[in-house]
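Have the sequence and the 3D view open as you read.

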Amino acid sequence: MRQILNHARIVLADRVIDNGALEIEDGRIAAIHEQPLPDGEDLAGALLLPGLVEIHTDNLEKHLMPRNGVLWPILPAVITHDAQCVAAGITTVLDALAVGDLEGESVRLDTLHSAFAAINQGMDEGALRAEHFFHLRCELAFPQLLDELTPLIAHPAVKLVSVMDHTPGQRQYRDLEQYKKYYGKKKVGWNEETFLAAVAERKAKQAEFAGRHKQAVVEMAQARGIALASHDDTDAAHIDEALRDGVAISEFPTTLEAAQAARAHGLQTVMGAPNVVRGGSHSGNVAALELARAGLLDILSSDYVPASLLHAAWLLHSQASWSLPRAIAAVSLNPARSVGLNDRGDIAVGQRADLVAMTVRGDVPLVRQVWNGGRRVF
């Protein structure tokens, strides 16, 4: 089947065609034209981008538990999450499923395997409009981590594994007062005594489990050729540790020092798109726009707000003086390549026809149409 998308501003990896056309054959990009063609679908000057690639989103969690204590049916939750991603221009999703949690009770623990199965079911049955893969987030101090991880990591849709340690007193929560503020919102009746007891318990679990768990997780990922990421690197020592583990991606470094060390050693840096849109980190860490202006940002992730991904890329263009191709690469080409997806992420002959047509109102991008493999999905 031949399709033509006409009169579009086509964002290539290195430049923008002001008024061109794109030919699609059998779900792939067949030709790129510098001038419009005589026929085809008229995009009326809209920007035509590669479909966005999201490598770390836990957006599904809010659909699994839309209100505290209320679990939603799994497959309908996945379908709603998928629709929200596609409406934001995301055509490839790595669902970030947490393997383990330091909380005693958690929607993450309750739904890990059922969500994994439901996403696969949705893909197998054609119920999902984006293409879904998995990012397994391994909480190193969780005692049952390896038991939970082992049946999942062998699945071919697992494209990324990250090693996380949310133990209070280090990394993202090196400021105990910040940790207390964040988790105090989740706990009814917390006081100084219960808080200190929880900190002591979590530090004890870290001492017992984190080291050997990390070694096992790294070996399992490397044996399967799965990309590895570190999480919440805070200083140069964390980057050195990541390098020893064979990590290629530094997710959400919390300081300028960590981001500089990651760049010096060739790691790709992921920052949260909500950080860009909001103008800073919700937990007091380094601002993503600061890293962007310093040339220390490679990839954006929507994290918990799918619509933030394209918005943040546009802000990199309008506020950090990035060229449009460079800004769009942070949400398409760079994340795709970081996890070994070489058939998408840019508009080039032979690539999947994963595409987004967008316009801009004020400083806000508006998704108008989305194609996944040449099939209109929004």
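Q: Why is Arg-337 called partly exposed?
A: Arg-337 has a relative accessible area of 31%. Buried means under 20%, exposed over 50%, and partly exposed in between, using a 1.4 Å probe and protein chains only, so Arg-337 belongs to the partly exposed class. Before we go on: this is a predicted model, in which local features need pLDDT of at least 70 and side-chain atom pairs count only at pLDDT 80 or more, while totals for chains, interfaces and linings use all residues. Residues are numbered from 1 along each chain as its sequence is written, and side-chain values use heavy atoms, with hydrogens and water left out.

Q: What makes Arg-337 and Asp-346 a salt bridge?
A: Their side chains meet at 3.4 Å, N to O. A salt bridge is a side-chain nitrogen of Lys or Arg within 4 Å of a carboxyl oxygen of Asp or Glu, so this pair qualifies. Asp-346 counts as buried because its relative accessibility is 16%. A network also exists: salt bridges that share partners join Glu-131, Asp-343, Arg-344, Arg-352 and Asp-354. By this rule, the count of salt bridges comes to 13.

Q: How do you know that Lys-214 and Asp-245 tie together separate parts of the chain?
A: The closest N and O atoms of Lys-214 and Asp-245 are 3.1 Å apart, which makes a salt bridge. Lys-214 sits in helix H6 (residues 192-223) and Asp-245 in the loop between H7 and strand E11 (249-251), so the bridge links parts that are 31 residues apart in sequence. Helices (H or I, at least four residues) and strands (E, at least two) are DSSP runs, numbered from the N terminus. Both Lys-214 and Asp-245 are buried.

Q: Why is the pair Asp-298 and Arg-263 described as tying parts together?
A: The salt bridge between their side chains is 2.7 Å, N to O. Asp-298 lies in the loop between helix H10 (288-293) and strand E13 (299-301), and Arg-263 in helix H8 (residues 256-264), so the joined parts are 35 residues apart in sequence. Asp-298, at 15% relative accessibility, counts as buried, whereas Arg-263, at 31%, is partly exposed.

Q: What makes the backbone at His-7 and Asp-232 worth a look?
A: Most residues other than glycine have a negative phi. His-7 is not a glycine, and its phi is positive, about 55°; Asp-232 is not a glycine either, and its phi is about 60°. His-7 lies in strand E1 (residues 2-11), while Asp-232 is found in the loop between strand E10 (227-231) and helix H7 (236-244).

Q: Are His-7 and Asp-232 buried or partly exposed?
A: His-7 counts as partly exposed because its relative accessibility is 29%. Asp-232 counts as buried at 4%.

Q: How do you know how many disulfides there are?
A: A disulfide is a pair of cysteine sulfur atoms within 2.5 Å, and the structure holds zero of them. As for individual cysteines, Cys-85 is buried at 1% relative accessibility, and Cys-138 is buried at 0%.

Q: What makes a space in this protein a cavity, and how many are there?
A: On a 1 Å grid over the protein atoms alone, a cavity is a set of points where a 1.4 Å probe fits but cannot get out; lining residues have an atom within 4 Å of a point. There are two cavities of 30 Å³ or more.

Q: Which helix gives the most to the lining of the largest cavity?
A: H3 does, with five residues. Helix H1 (60-64), strand E7 (90-99) and helix H3 (107-124) each supply at least two. The lining includes Asp-58, Leu-64, Ala-98 and Arg-108.

Q: What lines the second largest cavity?
A: Its volume is about 50 Å³, and among its lining residues are Val-11, Pro-50, Ile-328 and Asp-346. Asp-346 is also the salt-bridge partner of Arg-337. Helix H12 (residues 324-329) supplies the largest share, three residues.

Q: How do you know whether the radius of gyration agrees with a compact globule?
A: The globule rule is 2.2 Å times the number of residues to the power 0.38, with the radius taken over C-alpha atoms. For 378 residues this gives a value near 21 Å, and the protein has 21 Å, so the two agree. The C-alpha atoms fill a box of roughly 75 × 45 × 40 Å along the principal axes. Of the 378 residues, 56% count as buried, and the protein has 13 helices and 16 strands.

Methods. 1 Å grid on protein atoms, 1.4 Å probe; cavity = no way out; pocket = protein on both sides within 12 Å on 5 of 7 lines; lining within 4 Å. Points joined across faces, edges and corners; volume = space filled by probe spheres on them.
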